[in-house]
Amino acid sequence: MKTLYCKGIIKSNYPIYISDKENFEDLVPLLPMTGKKFIVVDQAVISLFPDFMKIFELEDSYIFPINASEDVKTFDKLRELASEIHELKPSRDDSIIAIGGGLVLNLGGMTASLIMRGMPFYYVPTTLTAQIDASLGSKQAVNFKGAKNWMGMYNDPEFCYVNPHFLSTSTKKEINSQAIEGFKLCLATNKELYLQFANNLQHFNSLTYEELHHFVEKMIEAKLPVVEKDLLEENYGMSMLYGHTVGHAIEMLDHTNITHGEAVGLGMLVAAKISNLLGLADDKLITTHNDLLISLDLPNKIPSYISPTSIIELLDYNKKN
Ligand SMILES: NC(=O)c1ccc[n+]([C@@H]2O[C@H](COP(=O)([O-])OP(=O)(O)OC[C@H]3O[C@@H](n4cnc5c(N)ncnc54)[C@H](O)[C@@H]3O)[C@@H](O)[C@H]2O)c1
């Protein structure tokens, strides 16, 4: 198991364990030895990884399944979770283990951060987005009144356990759309790494497990220095929001399940086009974005039912506006 470290907002850093164990057994000794464990877990993970879930068949573990969809990532859901945990009379020895995609990590992390001014929490990311992006950095958030991640805070997990074997159940479409956060990172901060993968994008559609593991590891290694340099995303770190301004608006306005990655990909294309109109980027940058989206089979046009006006209106509620 490889161990890297991510700079924290309260802790000087927290470990990111990158595991290769198909049976996830190396997670067991890392889990807290004492206290109740509140397992906030994506329902999909419960269904897809029954053997993994056996790790949590313990007397002091309580399972809270989450049906992951953006309309569940709310303050109401957080309140419901907190109420259920409150019933169990938690103490400061107890912890939340958030297992799932970025949505469950954000919801679990934010809930843990609010209970008793913060109980320890652990991340087990199970999607590509969560492994290469959402679990790195200290951002916790829920949506509020249709505005994406509008209520939130910064707080650090105790550790993050990344195991690319969780990605074996993601479809090609999911892998491609979630890889966008990685390509965003590369386009914004690491051209060489971008070219390493982008020069052979067709092959991205048929990655072996080893290649996917390599992609995950490279993206984590590339993101950690960005977090280190500007955790609060006030200057350099703002590059991680690339594509998210318009992307978040599309995500909230969509009725057809555009994924987070698809929305961010569209947002990046819009950003490139605006830069081009402002004379800050050449036409080639637009082509680069178009080629990326087309090669990954991702949409390169905003659905017609989402009007430019509705996107612009939602930007008023973008927390970085
Ligand atoms: N805090 C941050 O820095 C940050 C960064 C990126 C994204 N995010 C947030 O994360 C969310 C997007 O994350 P996401 O793309 O992981 O989406 P998600 O958490 O909504 O998961 C996407 C889908 O994958 C399913 N899933 C989870 N694990 C699976 C597995 N192993 N196999 C198959 N399906 C699985 C889920 O049930 C869901 O249907 C958004 O809410 C976004 O705001 C936060």
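1. Basis. Residues are numbered from 1 along each chain as its sequence is written, and side-chain values use heavy atoms, with hydrogens and water left out. Because the model is predicted, local features need pLDDT of at least 70 and side-chain atom pairs count only at pLDDT 80 or more, while totals for chains, interfaces and linings use all residues.

2. Cores. A nonpolar core is a set of buried Ala, Val, Leu, Ile, Met, Phe, Trp, Tyr and Cys residues joined through side-chain atoms within 4.5 Å. Buried means under 20% relative accessible area, exposed over 50%, and partly exposed in between (1.4 Å probe, protein chains only). The largest core holds 64 residues, and I16, F183, F215 and I220 have the most contacts inside it. Helix 9 (residues 209-229) gives the largest share, nine residues. A second, separate core of 19 residues includes Y17, V41, F56 and I99.

3. Helix 11. Helices (H or I, at least four residues) and strands (E, at least two) are DSSP runs, numbered from the N terminus. The expected span of a helix is 1.5 Å times one less than its number of residues. For the 18 residues of helix 11 (residues 260-277) this gives 26 Å, which agrees with the 26 Å between the end C-alpha atoms. Its buried residues include G261, V264, L269 and A272. Among the elements covering the buried residues of helix 11 are helix 6 (172-189), helix 10 (244-253) and helix 12 (283-295). Just after helix 11, G279 has a positive phi of about 80°.

4. Salt bridges. A salt bridge is a side-chain nitrogen of Lys or Arg within 4 Å of a carboxyl oxygen of Asp or Glu; the count comes to 15. K184 pairs with E181, with the closest N and O atoms 2.8 Å apart. Both lie in helix 6, three residues apart. K184 is buried, at 0% relative accessible area, and E181 is buried at 2%. E80 pairs with K77 at 3.0 Å between the closest N and O atoms; E80 is partly exposed at 39%, whereas K77 is buried at 17%.

5. Surface patch. I9, I10, Y154 and L232 form a nonpolar patch with about 340 Å² of accessible area together. Patches are made of residues with over 30% relative accessible area and no salt bridge, with like charges joined within 9 Å and nonpolar side chains (Val, Leu, Ile, Met, Phe, Trp, Tyr) within 5 Å. Accessible areas come from the Shrake-Rupley method with a 1.4 Å probe; for residues, only the protein chains shown count as cover. I9 is partly exposed at 32%.

Key. Contact = heavy atoms within 4.5 Å.
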